[in-house]
Amino acid sequence: MQLRYVFSELGQGLRRNLSMHVAVVLTLFVSLTLVGLGVLLNQQADKAAAQWGSQLEITVWLCKTEDDNPLCLGEVTTAQKAAIVDVIESNPEVAGYRYESRDVAFEKVKELLGPEKFDGPNPAATADALPESYWIELKDPQEYRGITSAVIGLDGVSDLRDMREVLEPIYGTIDAMKWGALGTAAFLVFAALLLVGNTIRLAAFARRKEIGIMRLVGASGLYIALPFLMEALVTAMIGVGLAAGALAGFVFYGIRNNVGEKLQFIPWIDAPEYLNAVGFIAVLGPVLTLLPTLLLTRKYLKV
Amino acid sequence: MIRFEKVTKTYPGQDHSALADVSVELDKGEFAFLVGSSGSGKSTFLRLVLREARPTGGRVYVAGKEINRLASWKVPRLRRQIGTVFQDFRLLPNKTVHENVAFALQVIGKSKTHIRQTVPETLDLVGLANKADRMPDELSGGEQQRVAIARAFVNRPMILIADEPTGNLDPQTSIDIMKLMERINSTGTTVLMATHDAGIVDAMGKRVIELVDGQLVRDQAEGGYGLPAI
């Protein structure tokens with residue numbers, strides 16, 4: 001196969017339908033950026049949930065030595081813990097619970113604020129300063145009053161945090177943005193598919209003489225379709241590249257250097273999540289252009 | 001080389017068959033005219049040979065292959081053994097004479113060295129060696145048809161199919177084209193030519209296959225365009 005021919009056809013094809021190709025690239029760029037945003041926001045929600053627990057969780061802080069709560073008479077005892085677990089296990093609103101030790105809590109704080117603040121002779125906090133806790137998962141986020149009132153008065157309980165009050169607005173915003181991005185992307189992806197289809201129709205029409213002769217003299221189906229597939233691949237890769245750039249701007253300027261510095265209590269997405277999102281759109285982009293191309297070239301270039 | 005066995009072709013949505021129960025055979029190196037009025041089934045006959053259509057009944061063998069059993073991906077290989085020439089030349093207007101002929105070899109993956117050698121040889125054969133760098137619109141109709149024949153023949157096909165190749169040409173030019181077709185036939189290539197041109201058929205005195213309304217009505221070894229003289 002003569003690659004020179006394929007590449008010259010590719011160059012000609014891209015130039016001949018320049019405006020259509022630009023339209024495809026721009027539509028792909030915007031839709032892939034939005035899909036990438038959706039992927040990033042999804043990871044952001046997962047990351048926050050891993051740190052803070054899901055919306056269904058209630059955290060019960062247990063008394064520690066020198067607790068802020070005056071009702072705590074020193075560190076929680078084993079007997080008190082057993083009593084608390086009894087109450088939790090017997091409550092019908094509870095789906096499950098887990099225990100979090102001081103050390104685990106300390107590790108989380110270190111990860112969130114950066115481990116360097118806790119090293120050396122003058123650490124910001126030690127594991128002893130943090131309380132043990134139970135993380136209670138609810139069956140129904142609306143049914144929580146029974147368990148909170150049952151637990152709050154128990155001996156050894158310092159405080160109770162209903163995570164939903166803190167997290168609901170954050171999760172709500174992330175979720176709304178995610179679905180907004182993905183919903184808009186769905187329309188644009190559909191538009192991109194139609195544009196790709198039209199571009200191929202135009203290109204096949206513009207090259208109908210060549211294609212007719214190629215079929216007649218016995219060029220293989222792949223050979224005839226190759227310039228179309230290459231065009232599809234090139235437009236997809238340009239769209240993916242632009243979208244990756246826009247997402248990089250979002251992650252590294254919008255988040256790392258902006259909200260990430262202002263709102264440090266939330267773990268923000270960064271390079272690994274960015275690479276995930278780019279990987280996803282790098283597969284999706286070519287699929288979006290190659291799939292209709294394969295289908296339509298079979299239709300228009302049938303031997 | 002080409003064999004039709006009781007071939008019937010009915011296009012979808014039509015009750016009338018374009019070809020009905022046609023059996024005919026062309027040997028290697030033969031020259032035959034396919035005659036008949038418009039709508040008699042000539043084009044369908046040629047389309048079946050090229051496997052642009054498949055028979056609804058009977059069998060078509062081309063170059064030893066039964067074409068209704070041939071997988072689609074093998075069709076290009078079959079077509080490389082068949083050269084095709086049309087009434088309207090079908091040259092690429094943005095390519096030179098040389099490029100038009102070379103195109104047929106490029107797209108089936110022939111090497112540059114092969115192309116550099118074969119294309120000038122073929123242009124020489126059709127008498128256009130000195131016009132290799134012209135564009136098609138700078139050529140006369142007869143010359144354009146020569147380019148089309150060169151393109152059809154450049155891969156040295158076993159079969160040359162010509163659909164009204166002289167339909168757009170004046171009588172003198174037509175005779176020149178027919179001489180060229182005979183020359184190609186003399187290299188061993190089977191030639192099947194559909195035509196309306198009674199003068200040419202009568203002058204050549206070759207085999208004549210006549211179709212009327214999709215039926216084979218005549219297959220005469222050294223025939224003329226009209227009915228055979230009694």
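Predicted model: local features only at pLDDT ≥ 70, side-chain atom pairs only at ≥ 80, totals over all residues.
## Where chains A and B touch

Each chain puts residues into the contact: 16 residues from chain A and 16 residues from chain B. On chain B's side, the elements that supply two or more residues are helix H2 (75-79) and helix H3 (97-106) of chain B. H2(B) gives the most here, with 4 residues.

What is the side of chain B that touches chain A made of, by class? It has 8 nonpolar, 4 polar and 4 charged residues.

## Helix H4 of chain B, a helix with two sides

Helix H4 of chain B runs over residues 112-125, which makes 14 residues. From its first C-alpha to its last, H4(B) reaches 20 Å, close to the 20 Å expected at 1.5 Å a residue. Just after H4(B) comes B:Gly127, with a positive phi of about 80°.

Which residues of H4(B) are buried? They are B:Val119, B:Thr122 and B:Leu123. These three end up on the same side of H4(B) because they cover an arc of only 95° around the axis.

As for what covers the buried residues of H4(B), H3 and helix H5 (141-153) of chain B are included. Leaving out residues up to four places away in sequence, B:Ala150 touches B:Thr122 and B:Leu123, along with B:Val101, B:Val126 and B:Leu128.

## The nonpolar cores

In soluble globular proteins, nonpolar side chains tend to be buried together. Here the largest nonpolar core holds 109 residues. Those touching the most other members are A:Leu247, B:Leu34, B:Val101, B:Ala150 and B:Leu192. Helix H2 of chain A (residues 18-52) contributes the largest share of this core, 13 residues.

Another core, of 15 residues, lies apart from the largest one. Its members include A:Trp61, A:Leu62, A:Ile84 and A:Tyr134.

How values were computed. Residues numbered from 1 in each chain as written. Chains lettered and ligands numbered in written order. Contact = placed C-beta atoms within 7 Å. Nonpolar A, V, L, I, M, F, W, Y, C, P; charged D, E, K, R; others polar. Expected span 1.5 Å × (residues − 1). Buried ≥ 20, exposed ≤ 12 C-beta atoms within 10 Å, placed from the backbone. Arc of directions from axis to C-beta. Core = buried A, V, L, I, M, F, W, Y, C linked by C-beta atoms within 7 Å.
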